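Keep the structure open beside you as you read.

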Amino acid sequence: MAATMSDDGRGLLVCGSRRGHGLRVWEPTTGTLQHMVLDVAVTCLAAAGSDVVVGHESGVFRISLPRG
């Protein structure tokens with residue numbers, strides 16, 4: 001799980017799953033939950049400003065979080 005802030009100042013929690021091949025982005029203040037399908041199994045996450053760095057079995061990539 002990684003906690004980060006969006007460009008517009010919303011606090012977000014992001015979690016991923018090796019089995020689920022995706023990310024869940026949760027905004028605690030509104031209860032909004034978004035699912036992002038990925039083509040890789042997530043092995044680790046790191047917050048990077050308004051982006052999340054996703055580690056997977058073949059490397060890493062950076063993804064911009066969805067805006068409200």
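Let's start with histidine 21, which is partly exposed because its relative accessible area is 32%; buried would be under 20% and exposed over 50%, with partly exposed in between (1.4 Å probe, protein chains only). A quick note before going on: this is a predicted model, in which local features need pLDDT of at least 70 and side-chain atom pairs count only at pLDDT 80 or more, while totals for chains, interfaces and linings use all residues. Residues are numbered from 1 along each chain as its sequence is written, and side-chain values use heavy atoms, with hydrogens and water left out.

Where is histidine 21? You'll find it in the loop between β2 and β3; strands here are DSSP runs (E, at least two residues), helices are runs of H or I with at least four, and both are numbered from the N terminus. Leaving aside neighbours within four places in sequence, histidine 21 is in contact (heavy atoms within 4.5 Å) with Met36, Val37, Leu38, Asp39, Val40 and Ala41. Valine 42 sits 21 residues away in sequence, yet its C-alpha is 6.4 Å from that of histidine 21.

Now zoom out. The chain has seven strands and zero helices, so its radius of gyration of 11 Å, close to the 11 Å from the globule rule for 68 residues, makes it as compact as a globular protein of that length. That radius is taken over C-alpha atoms, and the rule is 2.2 Å times the number of residues to the power 0.38. Along the principal axes, the C-alpha atoms fill a box of roughly 35 × 20 × 15 Å. Of the 68 residues, 37% are buried. Take the contacts between residues at least 6 apart in sequence: 29% of them join residues at least 24 apart.

What sits in the middle of the contacts? The largest nonpolar core has 14 residues, and those with the most contacts inside it are Val14, Leu23, Leu38, Leu45, Val52, Val54 and Ile63. Such a core is a set of buried Ala, Val, Leu, Ile, Met, Phe, Trp, Tyr and Cys residues joined through side-chain atoms within 4.5 Å. The elements giving two or more residues to this core are β2 (11–17), β3 (22–27), β5 (42–48) and β6.

Beyond the four places on either side in sequence, valine 52 contacts Thr4, Val14, Leu45, Ala46, Phe61, Arg62, Ile63 and Leu65. Its C-alpha is also 7.8 Å from that of alanine 2, which is 50 residues away along the chain.

Is histidine 56 buried or exposed? At 14% relative accessibility, it counts as buried. Again leaving out neighbours within four places, histidine 56 is in contact with Val40, Ala41, Thr43 and Phe61.

Last stop: threonine 32, in strand β4 (residues 32–37). Threonine 32 counts as partly exposed because its relative accessibility is 34%. Not counting residues up to four places away, threonine 32 touches Val25, Trp26 and Glu27.
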